[in-house]
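Here is a short report for a reader new to this structure. Please look over the sequence and the model before reading on.

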Amino acid sequence: MIRIAEERDLERINELRRQVNDIHVKGRPDIFKPGFGQEMQDLAREILKGEESSIIVAEEDGNICGMACVAYITKPESTYNLERKIYHVEEIAIDEGARRKGVGTELMEFMKRDAGKRGFDRIELDVWEFNESAIGFYEKNGFVMFRRFMECSVSDMIFAETERLRLRRMEPADYDDLCKILQDEEVMYAYEGAFSDEEVRSWLDKQLVRYKEHGFGLFAVILKETGEMIGQCGLTIQDIPGKQVLEIGYLFQKKYWRQGYATEAAKACKEYAFTALKADEVFSIIRDSNIASQNVAKRNGMTLRGTFVKHYRGVDMPHYIFSVLR
């Protein structure tokens, strides 16, 4: 049965809307926020009570298995356009267990009849390019593309942003700033000393390869207030006994220690790993003598899971394995 929604339906409607939001977060994590907070839930109540909008539900055996939010829009005549009346589908969701059973088509047929009764001559909706199954469904129900939104990213290098920081891909021009980190004896004490010029170049080149192969690596951490590169933080694939893991690593200029920047950047990396990469667990592998980095891992919600020994620069280095589960 297809009908207009009522107040008592809102909880179930929001369950379906949450499923759609999860699809959007997975498809465009750079745009959509994970989670489904109270503000998003309250939007359904506003639509239901609005004079120029409504929610339509599909019900089977007393259970709502599909819904659509619609808006009735009149755009007045302008210098460029004739007056237009649009029956606009704002959201549509079919329960995961009810898809490919004709529920969506029944909803569409209801909306077509409803639009005609209300004096509209067309139904319009927006769909994201990544949602190929939705595009196919709309095409089967008589929809054709009449307008296209296009984008040209000028910030492909941006990985994440926090309140104070911006994480972006490093590039060759960052060599001098990277030297301020990797050639500081105190910063690099856990690596048995500062890097040579060649080691810094090799380190930078390795990140460029990681971006190409994995889409991530260690990133330049930029202080928004000044635009200065104050450190590096990111995700890499590392070996621990018995397996490869996704690790959060961080190194900062000494003058920016103890100001919370490493924790802020590490938390952004953790969020990206769980939401965009769908990782089940992320790690930080830290030398036993590096107490400051261990504290950052703990503030990032990580727990000590084990120990092992790395052999680096001719030295046996005990390391702790920290991790946090999604």
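Cys269 is buried, at a relative accessible area of 0%; buried means under 20% relative accessible area, exposed over 50% and partly exposed in between (1.4 Å probe, protein chains only). This is a predicted model, in which local features need pLDDT of at least 70 and side-chain atom pairs count only at pLDDT 80 or more, while totals for chains, interfaces and linings use all residues. Residues are numbered from 1 along each chain as its sequence is written, and side-chain values use heavy atoms, leaving out hydrogens and water.

**Cysteines**

A disulfide is a covalent bond between the sulfur atoms of two cysteines. Here the test is a pair of cysteine sulfur atoms within 2.5 Å. By this rule there are zero disulfides. Cys65 is in none, and is also buried.

| Cysteine | Relative accessibility | Closest cysteine sulfur | Distance |
|---|---|---|---|
| Cys65 | 7% | Cys69 | 15 Å |
| Cys269 | 0% | Cys233 | 3.7 Å |

**Nonpolar cores**

A nonpolar core is a set of buried Ala, Val, Leu, Ile, Met, Phe, Trp, Tyr and Cys residues joined through side-chain atoms within 4.5 Å. The largest one has 50 residues. Leu167, Leu182, Ile248, Tyr250 and Val282 touch the most other members. Helix H7 (residues 261-275) gives the largest share of this core, eight residues. Helices (H or I, at least four residues) and strands (E, at least two) are DSSP runs, numbered from the N terminus. A second, separate core has 24 residues, including Ile2, Val103, Phe110 and Met111.

Leu167 has contacts (heavy atoms within 4.5 Å) beyond four places in sequence. Among them are Phe159, Phe219, Cys233 and Cys269.

**Arg210**

Arg210 is in helix H6 (residues 197-214). Arg210 is buried yet has no salt bridge, meaning a side-chain nitrogen of Lys or Arg within 4 Å of a carboxyl oxygen of Asp or Glu. The nearest side chain of opposite charge, Glu247, is 7.3 Å away; Lys and Arg count as positive, Asp and Glu as negative, and His and the chain ends are not counted. Leaving aside neighbours within four places in sequence, Arg210 is in contact with Gly215, Phe216, Gly217, Thr236 and Gln238.

**Phe308**

Phe308 is in strand E12 (residues 303-312). Phe308 counts as buried because its relative accessibility is 13%. His319 is eleven residues away in sequence, yet the two C-alpha atoms are 5.5 Å apart. Beyond four places in sequence, the contacts of Phe308 include Asp239, Ile285, Met317 and His319.
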